Amino acid sequence: MHKPWLSRYPQDVPEVIDPEQYTSLVEMFEHSITKFADQPGFENMGTVMTFRKLEERSRAFAAYLQHELKLKKGDRVALMMPNLLQYPIALFGILRAGLIAVNVNPLYTARELEHQLNDADVSTIVIVSNFAKTLEEVVKKTPVKHVVLTSLGQMLPRAKGTLVDFVVKYVKKLVPKYHLPGAISMRKAIRTGRRLQYVKPFMSGEDIAFLQYTGGTTGVAKGAVLTHRNMVANVLQAKAIYGPVLSEGKENVVTALPLYHVFALTVNCLLFMELGGRNLLITNPKDIPGFIKEIAKFPFTAITGVNTLFNALINNEDFREVDFSNLKLSVGGGMSVHKAVAEQWQDITGSYLLEGYGLTECSPLVSAYPYDLKEYNASIGLPVPSTEIRIVDEEGKDVGLDGEGELLVRGPQVMQGYWQRAKATKEVINQEGWLSTGDIVRFDEDGFLHIVDRKKDMILVSGFNVYPNEIEDVVSGHDKVLEVAAIGEPNEKSGEIVKIFVVKADPTLTKQELLSHCKSRLTGYKIPKLIEFREDLPKTNVGKILRRELKAENDALIEKNSHISKSA
């Protein structure tokens, strides 16, 4: 297979990595906490946790899960929290106990949470009290037997933590009343675990580390089965690409993207742990003024984010006053980085914004800008080491270097399949191990990959996948709706927003009614921002609604309006 990108790799980036370098994420963790024991590992709200403290607390938590809750190797444990010190403690406790981590978006509605807990057959959930009310609504309809509860301030020094929890609960009123009898405090679980004997289970690369939920190609969210080998491989692939500019034990990375998102999980939490780096965990990155105050006190050398975050920062005057003298790595992922944002970021910070491309099914990194790229080129970069790619036509035949086609990926980072969904797995991974990404791509003359179009109907909102089927299912549940179709409309801030086309069953239906209906059933980024009522929707001869036709029509209208406004 010809690999036009290899000639563009910097000389110190290897062509391959060794996914067997660590037998598991647990071995990788043990290597780091031994080598960097007394160095800062994670920081949140002004409190620093060393790697030694992380080892002690995660070991105690693992022992608690093993002995008090009597969880067995392979049991699923859900994590539902924003970026807090509790996240790495719980995560590495889960992995060290031989259990499978199931990341859950804390902003999920009760309906979404119920589906994921049932689909993954979760026995235990670790959750922040802010979201306990959502769990209360569904917990009896799920297999969850154990609830480990924490609060935003629980891992901070006691006086500070008490103040934080008081403000969050009584001043900002961000903790709705809940009733979860039998729930145990995470602090108590760790205290109990310290008196118990942690038993390290036998771990291999083939053991499952994560069920990372995604819509996959279509429809309801599915759990991508990511093994320890998958995740170790992707960490080492990221290290191969970015490692030449990073120094072990000396890096400070800003982690604003939520760690429950696979991009931040791999590139921030796991990569910088392997490097002995210090992770600044930002709990609420939407509070841009607060975020800037945090990073102004932190001599950061690396930062990751999505286009919307970078855009918000460069448009804040205070951000320009931050000291960027230590910054040497800026990485954008989750959604396309816009040219204007990349160029302004470079002007303000002096750091080139390097884009990465990936998908949950690939742990997630597939390709990335090389660290020596000196200008934005609108590509998704070069395939990371040990990654094979093909570009194929509709019949599955290679199109050659000059053609366009669907991107197929094969490598040690590709998932094992979708959890308990053999049919869905076969639809995206063939017998030779090639994963169909659903993205139409091409090479340029320098060997860089460019996305031409998205084969599937997925909508990408601020780096999060939104699947039309789910939106349509919710909207059609309104008794005044006859038909509905959901598409993505381009948006400068979030990449895309959700737009729905609705045929009324009852002429009295209003947009406000629909919005209220959606807000109670969908996470914020999935809620339609645009609603258009129609008399009918375009369909195939068998009655299937043609989303793509609506999308093309909508895009054409946007283009027309753009020309009109320019000429005016």
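Analyst: The largest cavity is lined by Ala342, Glu343, Gln346, Tyr352, Leu353, Leu354, Tyr369, Leu373, Lys374, Glu375 and Tyr376. This is a predicted model, in which local features need pLDDT of at least 70 and side-chain atom pairs count only at pLDDT 80 or more, while totals for chains, interfaces and linings use all residues. Residues are numbered from 1 along each chain as its sequence is written, and side-chain values use heavy atoms, with hydrogens and water left out.

User: What makes a space a cavity, and how many cavities of 30 Å³ or more are there?

Analyst: On a 1 Å grid over the protein atoms alone, a cavity is a set of points where a 1.4 Å probe fits but cannot get out, and lining residues have an atom within 4 Å of a point. A volume is the space filled by probe spheres set on the points, which are joined across faces, edges and corners. Two cavities of 30 Å³ or more are found.

User: Which helix gives the most to the lining of the largest cavity?

Analyst: Helix 12 does, with three residues. Helices (H or I, at least four residues) and strands (E, at least two) are DSSP runs, numbered from the N terminus. Strand 14 (353–358), like helix 12, supplies at least two lining residues.

User: How do the linings of the two cavities divide by class?

Analyst: Ala, Val, Leu, Ile, Met, Phe, Trp, Tyr, Cys and Pro count as nonpolar, Asp, Glu, Lys and Arg as charged, and the others, Gly among them, as polar. The lining of the largest cavity therefore divides into seven nonpolar, one polar and three charged residues.

User: Why is the contact of Glu112 and Lys526 called a salt bridge?

Analyst: A salt bridge is a side-chain nitrogen of Lys or Arg within 4 Å of a carboxyl oxygen of Asp or Glu; for Glu112 and Lys526 the N to O distance is 2.8 Å, so the pair qualifies. Glu112 sits in helix 4 (residues 110–119) and Lys526 in the loop between helix 15 (511–519) and strand 26 (530–533), 414 residues apart. The whole structure has 33 salt bridges.

User: Are Glu112 and Glu114 buried or partly exposed?

Analyst: Buried means under 20% relative accessible area, exposed over 50%, and partly exposed in between (1.4 Å probe, protein chains only). Glu112, at 5%, is therefore buried, whereas Glu114, at 23%, is partly exposed.

User: What makes the pair of Lys339 and Glu343 a salt bridge?

Analyst: The N to O distance between their side chains is 4.0 Å, and the pair is counted as a salt bridge. Lys339 and Glu343 both lie in helix 12 (residues 339–349), four residues apart, about one turn of the helix. Lys339, at 47%, is partly exposed, and so is Glu343, at 37%.

User: Why is strand 9 called largely enclosed?

Analyst: Six of the six residues of strand 9 (residues 222–227) are buried, so the rest of the structure largely encloses this strand. Lys222, Ala224 and Leu226 are buried on one side, and Gly223, Val225 and Thr227 on the other.

User: How do you know that strand 9 pairs with strand 8?

Analyst: Two strands pair if DSSP finds at least two bridges between them; strand 8 (residues 208–214) and strand 9 have six, so they pair, in the antiparallel sense. Strand 9 is also joined to strand 19 (residues 417–418) by two bridges, again antiparallel.

Note on methods. 1 Å grid on protein atoms, 1.4 Å probe; cavity = no way out; pocket = protein on both sides within 12 Å on 5 of 7 lines; lining within 4 Å.
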